[in-house]
Every structure is written in C-alpha cells, then in structure tokens.
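Could you look through this structure alongside my comments before we discuss it? I have set them out as numbered points so that each can be checked in turn.

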Amino acid sequence: MAGTDSGNLKTVRLWRDAALRARKLRSNLRQLTLSSAGGCPGTDQLDSPDAPQLLLPANIGDIEVLNLGNNGLEEVPDGLGSALGSLRVLVLRRNRFAQLPQAVAELGHHLTELDVSHNRLSVLGAEAVGALRELRKLNLSHNQLPALPAQLGALVHLEELDVSFNRLAHLPDSFAGLSRLRTLDVDHNQLTAFPRQLLQLVALEELDVSSNRLRGLPEDISALRALKILWLSGAELGTLPSGFCELASLESLMLDNNGLRALPAQFSRLQRLKMLNLSSNLLEEFPAALLPLAGLEELYLSRNQLTSVPCLISGLGRLLTLWLDNNRIRYLPDSIVELTGLEELVLQGNQIAVLPDNFGQLSRVGLWKIKDNPLIQPPYEVCMKGIPYIAAYQKELAHSQPAVQPRLKLLLMGQKAAGKTLLRHCLTEDRVEGKLGGGGQEKTYPPSPPPGSKGIEVTSWTADASRGLRFIVYDLAGDERYEVIQPFFLSPGALYVLVVNLATYEPLRFPTTVGSFLHRVGARVPHAVVCIVGTHADLCGEQELEEKCLDIHRQIALQEKHDAEGLSRLAQVVDEALARDFELRSASPHAAYYGVSDKNLRRRKAHFQYLLNHRLQILSPVLPVSCRDPRQLQRLRDKLLSVAEHREIFPNLHRVLPRSWQVLEELHFQPPQAQRLWLSWWDSARLGLQAGLTEDRLQSALSYLHESGKLLYFEDSPALKEHVFHNLSRLIDILNVFFQRDPSLLLHKLLLGTSGEAEAEGRAESSPLMAPPAPSQDALRATQLHHYVEGFLLHGLLPAHVIRLLLKPHVQAQQDLQLLLELLEKMGLCYCLNKAKGKPLNGSTAWYKFPCYVQNEVPHAEAWINGTNLAGQSFVAEQLQIEYSFPFTFPPGLFARYSVQINNHVVHRSDGKLQIFAYRGKVPVVVSYRPAKGVLQPDTLSIASHASLPNIWTAWQAITPLVEELNVLLQEWPGLHYTVHILCSKCLKRGSPNPHAFPGL
Ligand SMILES: Nc1nc2c(ncn2[C@@H]2O[C@H](COP(=O)(O)OP(=O)(O)OP(=O)(O)O)[C@@H](O)[C@H]2O)c(=O)[nH]1
Ligand SMILES: [Mg+2]
C-alpha cells in the first residue's frame, strides 16, 4: 500500500477511508439475509419488525447464515440451536436480549461469527462463551457489560472483537491469549488504564481505545508492532511515552482530545503515517516532529493554541487535507502555497490578517474555510468568495500600486425621535436645518409635504481631512415603517451608533429603546462594534444624566448575561443529548432532541458555540451629548475617530486595496455618472478600462465593492447582473418613497407626478406651480389617486402606472421603472401579482403587492371556500406543520420578505397581516406569523399543509420548497437563534392548544 505513485495515492486514500469508516459498521455490511443452501422461503416473516414469534422454515438445518437483527426479541425458541446444524454466522443485533440465548451455547463450535451488538446484555455466561471455540468474529458492542468472562481469552481463533460502548473497567488477564486478534474495539468503556494484556497481542493491526480514561500509555506499547490503525480519541493521555514512537507500522492515528501539550521528539519515526488527528489538544507550537513525516496525507490540528505555522510545512508534499481551524494563528508562511496537492484547507477562527502571495497555486482546494479571521489582505469579502477570487485579487495587486483608503460605514440607529438626524447634522457640521422646530412654509400647489423624517439617509462625512478618513453615515430612520429595509444596511465591518433620547429614557423603556436594537444588530452582525450615545443631555439634570447612563450600562450587562446564560443552558441540553446514545434519544418522543442524529446535534452545538463566542462588542461608557453644546459634540467626534482608528477594532480601515480598484470606485462616484441611478455593465466596464482594469478583472472588483457596501451589483441575478447600482443615496430616496406610509405625502407625490404628466402632454394650460388645473378635473384625479393611496396603505397594492407617478422625479424611462421593480422584487420588498414567470403582460396593467403594507388581520376566507376540499374534509385530513420559533428576537421584516420570496412557489394566494393562504398546485398551504406574547411564548413562523394520510407526502412536497426559502432568508441572520419543530399531527387534529413538538433538525 505504501510507496505507490501519485496517481495511485487517491485510490489508496479512498481505500483507507472506506476501511476506517466501515470498520465500525462491518457487521452491517455483510449480507443480512437468512440464507441456506437450497434457498429459504421464510425470510419475509423473519425480517418483519413486529414478528411476535419466530416462524422458521422447514429446511432450517441447511441454513448457514441467520440474521435475526432488529426484531425486538428477548429470547429465541428452545432447541433452535440444535436444529441449526449448519449455522456459521448468527446475527442477533438490535434486539432486547439481556443474556446470551441458550441457542448460542448449543451452536457452540459451529459458529465462526456472532453479532449480539445493541442489546441489553449485562452479563455473559461463561459456559456459552467457552463453547464458541471456532469463533473468528465477535461483536458485543452497545450493551451494558461491566466485565467479560475469562473464557473469552480461550477463543484462540478470534480475529475481530468489538466490545465498545459497554461499561468495562478491566479486561480479563486471559486476553493475552488472543494471539490471532487483528482488530479490537474497546472504545467508550470505563477503563482507567491501558490494559497491559493487550501488549501481548502482537498480531493486532487495528485498535480503538478511545473514550476511556487511560491517563497515559505504557512505555512498552511499542510491542504492538503490527498496529496500523490506532484510535485514542478522548483518552485523557496528557503525554505520549517515547516508546509510542516505535509503532513503526502506524498509518492512521487519532489522538484528538487528549490534553497533549507536545509530542515526543522521536515522533518523526512514525514514517508510515498517512492520517494524523491532533485536534482539540493544548498544542501551543506546531510540533516540529511532524515536519519530517513526508507521507502525511491528512493532518488535523483544529482547536489547539497554535500561533504560527512553520515554513517547513512545505515539506509535507503529499498533504491533501490540512485543518488548522480555531487556533491563534496570526499569519501563514509563504511556503504554504507550495502544498499544491491540497484539497482541503480549513483556517476558520484564527487571527490571520494577511494571506501569502500566490494563493492561486492552491487551485485544487475544494474545501476552503476562512471565516472568522480579521482579514485585511486580501479583504475579507474577497477571501470568503474562494481561492479563484483571491488569485484574481493578488494578480491585480501585482499589477498596480496599492493605496490605502480609510473609509468606514457608520450606522445611526435608535428609536424614532431619538435624535439621530440632528446628531448627524451637528456632527458633520452641515447647515442645521429645522433645528429644534420647523420654519414657516410657503403656500404652493401642490402643497408641500408635511414636515417629518425624510426616512433613511446616507451621507458622506470627512471626519479627518488630514488623513482622508471618511465615514459613510447611514441614518436609519427609527419609525417601524422602515423595518423591512433597515436590515439591508446592517453589514459587518461597520461602526454602529445606538442613539438614545436621555430626556425621555426611563429604566422600564430599556427593552424598546436599547435592548431590542442590540438583539437585532447581534442577530444580523454577531460581532458588531456598538457604541451608545445619549442625546438631549441639555434637558437632563446632572444627577439624572448620570443615573440614566448607569442604568443603561447596567441593563445592557444584565441582558448580555441573561442571553449568554440562556445559550449556555441550551448548549448544555445539546451536550446531554449527545452524551446519550442515539438509540436512547430515540426511545421517547419526550426526550430532548428526540430522533436527532449525532451529526445534527454537533452542528447545533457548534452554532451555540459560535453564538457564545461572537457577542456584540459594546463599547462603554454611554456617551451623553447635547446637540447644543459644541464642546460635547467635539468630544463625541474625537471618540468616534479614536474608535475607528483602533487597529484591533477595525482592521479593515487599514487594509490595502489594488490601486485600480480604488480608482474604479472613485470613477463611479464622479460626475456625470455619479448622478445617474445606475450604470449598465458596459458603462462600468468603460470606467474599469480607465482605471486600468480589463473586463475579465472587472468582475472581482465590482463584486468586492458590492460586498463592502459601496454599491449594489447582483452578479447572480440574470435580471440585474447587467446593471450596477452605484448611486446608493438616490436608491435609498426611492426606497423611502415606498416606506413613508404617509397618505398626504403619497398623495402629494402622485399629484406632482400627474401634473407633470399633464404638462408634458401639453394638456395643462399653465404651470401647475402658478395656478391649479380646472377644479373638476383636478378633483376627479385627486379622488382617483386617493383611492390608490388607500388601497396601497391597506392592502399594499399598486398598479405599475401609479408606481411610475410616485417615482416621477427619480425615474423617467419605462425601462428604468421596470428595472427598479425587478430590484425591489430581488430585495424581497414586493412581487408582481399578475405576471407569470418570465412572461410579458401583453399590455395589461401589472399590479404590485407590498406585503409589509397588508393590514387585514386574516386572509380573505373565500380563497379557501372556493378551493378544492377544505371545508368538508378537514376532519379526515392529516395536518403537517413546521414551526420556527425565535426565543430572543424575530428578524424585523422577515414575514413580509418571506411573503415575497414564496410567491414563485404558490398560486391563488390570499394575504393577511399575519397569515397567507395559498396553494401549491392543488395542495393548500398556510404560512402564519405569531408575534411573541410575553417571554413564555416566543415569536413563531409556521408553514402548514394537510392531506389525507395516504397522500401525506403531497403535503410534504408542498411545503418543502417553502421551508427551503425560509432557510435561505434566515442565513442572512447568522447571529440569530431559532428552533425548528414538526408539530404532532395527532395533537393538531385534536385541536390541542399546545401540540407536541418534535425537533425538526
Ligand atoms: N434639546 C435637544 N433636542 C434635541 C437634541 N437632539 C435632537 N433633538 C430634537 O429631538 C427631535 C427629534 O430628533 P431627530 O434627530 O429628528 O430624531 P431621529 O432620531 O432622527 O428620529 P427619526 O428620524 O424619526 O427616527 C428633534 O426635534 C430635534 O430637534 C438634543 O440634544 N437636545
Ligand atoms: Mg431622523
């Protein structure tokens, strides 16, 4: 096997992998049928899981292999053993035997293989064991054995023995006699030391002693000279004796989770090693003894405390898999790119800021994980996209001079009237318009919009001209009308400023003024940097100010503690479930994580760990400020600057970009193109050429600008990828039009739109600003428009031509409007009611629905009465309901956006404020959102369907794509905790108010 040429390597590895994995399942892999020389007609009965008793076929004496697995048996009929005269292989796994059945002893020396795994054995009869003289394979795993009888050592033909997952504290001395044993599994027992008897087993090739508290290995373990595969995971070894390094045949070695701080110097003698797992140890330095192991193909060093990787790692030329995640590695050696055979490179969760040049050489890497590193070079966004993007970036960097461009996104958040906008004006020293009260209004026609918040705004603020440091300030309007679009602006790498009105703050209002905002940011950007600014300080007394700031500080700490404890508790439940065996977990539907696989549990555990490790970085103390006091404002400015310039907090601000990328960005924001709402891809490509970027290199530059929030470029959308939305402030203005929700403002805009239209068509006698049109015509138009506004605010419905009027000042050409509507759909803000997928409307008016506007509490019931069968037959139908539950926070706008996202999958839909009735084909589906009722009942979102029992799969098919769409949306909230359950259909049918929930992981 060793020493094969590289073409063969892969085959060899595949073979070894398969062997390793199959080892535990070996008995599964055998042909699990009842067979005999002449064929057996009775098989079906034996395989039936409910067989109350065994009905054996007549020609039983010919049977050689008998599989009675999975039958719930507690005993077998008397005399069976003597009747099975030819039997060689007996499989009794997954039954309920508390002791070896008499038949085993009767079969005695015929048997060569016996599998009694997954039973309830608590004792092994010495007599029965002693009778099995010819046995070659014995599987006793997953029982409750506290000890093994000495007679086991007399089974001198034994080649494979599995006694894993029992309660063994010792092995009998006679074990030393198993001289032919090749494979031994003793893992997951209660051994307290390495059993010395095993040192006599010189034929042993595979040994698994994992998950025992061995607390060390004997020096003379070197006696196991034939050992190729050794599993020692979680054995509390602490150190390895030097004798260990004499195990010269070793090919695969699992040493994870052993508290190892170092490896013996002679470790490099294990020259045949191909796979080595050293994860979850305490290694602070990359063990030098690994470097001469030139044959290594897989090396796992996850979850240690490594701070660096040596240059000489390039000597491991055969390496295919290298896992270094969750260490403290600050940089990688340049030579790592020489490992050109690498297929898996996992670097997640380190401190890597810069990747070595020529990363593109690692082009074979298919599994690439780099998340959670403070990457600057290439930028994080580039690194996340994969090796080809890194390669393109590095090529670019080689082409042009790097240039530093400090720029930081600053988000102002907080309740309505918290003081965000005034603070922004004061900080950025704009002319302070309408400061502390509005001015007089001129009387014009159409009437001016009423004073009020302009909605979300984005502005640029050069905070430090000497360094060119610029903030891009996003002022996120506090009104909940903007909730659907706000999340689009919450992105990683920004500085979040949470603004609180200290004059109106009181401790009881903490959850609505501070707590919920922190939850929201944390769910979207888990590691975000937040500072809290208290406004209206001039309206508070000195002591009041101090008390309120302290209270906010204290309640933030409390909330954080409460959340972290909640998560730890949840993680603990997962741990406990994991500690229990899968079968035990599946024994009762009331057990925590009933029926959930170990793999999914581990994934869940990892997510909790991630949530616990990625808390918000909330800077203290609370900063009080009065917008009337220039000195306080200056202090706040200085504070924001010092935070922004902190290299540890915002490493990105100091990153280096290819000069051409920076030029490209600047060109996009220069006149005349700066004023346009979007550029075609070709326009952008022309700018790229000016910046020295050829078309093929433009893609990665644009995609970086998109990821870092400078512009929008949807490279995955066929409808939108031909356009670059570079004018964010105009785009935001347009979004604001839809989300202001103010009837008079909307009407005003529409009137403006129509009057402009009349003028353009030459129907208006004079300019609308000079004199109003004829009253009758005007009144008619106004009534009609009023109607549309009402329909919009109540049902979220607007026809395309009215949308055009609304957007008149922003959008002129029809095709621009079309594009804009595509964008709104892509953002999940509205969908077209009457447009079949991809087909034109043939002249009829397109109607758009904005789900966040729907006001009616329940969908119109007609939608269902007209339907196929609901009214009469629901009592025979089985209910299927999947429920997502959100204990900490529900993503704002999620239900509205989800309503849009499912539109492609459903027909005949009818929307309510909190519920959607629709059909998938002919199958009814219901999506419901239930807002939280206090702490005990969290927010839930459920997807339901029903069908008669024989057709229940149609209900599953109906909801599956809807579930997938929801999962996609939820990926935008990496810091969110939610659970998924399948509700018990019996409870639902009974109409129980608290149906039982099965984990739906
Ligand atoms: N006295 C005093 N008034 C302030 C201060 N900051 C803001 N205000 C006033 O508080 C009111 C609300 O301030 P805005 O800046 O509009 O509040 P906002 O957070 O932008 O509100 P939305 O845009 O609706 O989310 C305005 O009338 C401001 O003039 C302050 O420090 N002192
Ligand atoms: Mg505002």
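The points below go from the whole chain to single residues and their contacts.

1. Basis of the comments. This is a predicted model, in which local features need pLDDT of at least 70 and side-chain atom pairs count only at pLDDT 80 or more, while totals for chains, interfaces and linings use all residues. Residues are numbered from 1 along each chain as its sequence is written, chains are lettered from A and ligands numbered from 1 in the order in which they are written, and side-chain values use heavy atoms, with hydrogens and water left out.

2. The chain as a whole. The protein chain holds 26 helices and 35 strands, where helices (H or I, at least four residues) and strands (E, at least two) are DSSP runs numbered from the N terminus. Of its 1001 residues, 51% count as buried; here buried means under 20% relative accessible area, exposed means over 50%, and partly exposed lies in between (1.4 Å probe, protein chains only). Among the contacts with a separation of 6 or more, 54% come from residues 24 or more positions apart, a contact being heavy atoms within 4.5 Å.

3. Helix α12. The 16 residues of helix α12 (residues 598-613) should span 22 Å at 1.5 Å a residue, and the end C-alpha atoms are 22 Å apart, which agrees; the expected span is 1.5 Å times one less than the number of residues. The buried residues of α12 are Asn600, Leu601, Arg604, Phe608, Tyr610 and Leu611, and they pack against α10 (542-579), α11 (582-585) and β34 (979-983). Tyr610 also has Lys371 over the face of its ring, at 5.1 Å from the ring centre.

4. Charges over rings. A charge is taken to sit over a ring if NZ of Lys or CZ of Arg is within 6 Å of the ring centre and within 35 degrees of the ring normal. Besides the Lys371 and Tyr610 case, the charged end of Arg524 sits over the ring of Trp973, 4.8 Å from its centre.

5. Aromatic pairs. Rings of Phe, Tyr and Trp (its six-membered ring) pair if their centres lie within 6.5 Å, with planes under 30 degrees apart counted as stacked, over 60 as edge-to-face and the rest as tilted. The count by this rule comes to 19 aromatic pairs. In one of them, the rings of Trp681 and Trp682 have centres 5.6 Å apart and planes at 90°, so this pair is edge-to-face; Trp681 is buried at 11% relative accessible area, whereas Trp682, at 48%, counts as partly exposed. The rings of Phe792 and Phe850 have centres 5.4 Å apart and planes at 85°, so that pair is edge-to-face. Phe792 lies in helix α19 (residues 775-795) and Phe850 in the loop between β28 (847-849) and α22 (862-865), so the pair ties together parts that are 58 residues apart in sequence. Phe792 is buried, with a relative accessible area of 1%, and Phe850 is buried with 0%. Elsewhere, ring pairs link Tyr884, Phe886, Phe890, Phe895, Tyr929 and Tyr978 into a cluster.

6. Leu785 in helix α19. Which residues does Leu785 touch, not counting residues up to four places away in sequence? They are Leu747, Leu750, Leu751, Thr754 and Leu805. Leu785 is found in helix α19 and, at 4% relative accessibility, counts as buried. The C-alpha atoms of Leu785 and Thr754, which are 31 residues apart along the chain, are separated by 9.5 Å.

7. Ligand 1. There are 17 residues around ligand 1, of which Ala417, Lys420, Thr421, Leu422 and Gly478 come nearest; a residue counts as near when one of its heavy atoms lies within 4 Å. A backbone N or O atom lies 2.8 Å from an oxygen atom of ligand 1 in the case of Ala417, and likewise 2.8 Å in the case of Leu422. For Cys627, a backbone N or O atom lies 3.0 Å from an oxygen atom of ligand 1.

8. Asn304 lies in the loop between β12 (298-300) and β13 (321-323) and is buried, with a relative accessible area of 5%. The side chain of Asn304 reaches the backbone nitrogen of Leu283 at 3.0 Å and the backbone oxygen of Leu301 at 3.2 Å. Gln881, in strand β29 (residues 877-886), is buried at 13%, and its side chain makes a polar contact with the side chain of Ser942 (3.3 Å).

Conventions
A polar contact is a pair of N or O atoms within 3.5 Å; within protein, one must be able to donate a hydrogen and the other to accept it, and residues adjacent in sequence count only if both atoms are side-chain atoms.
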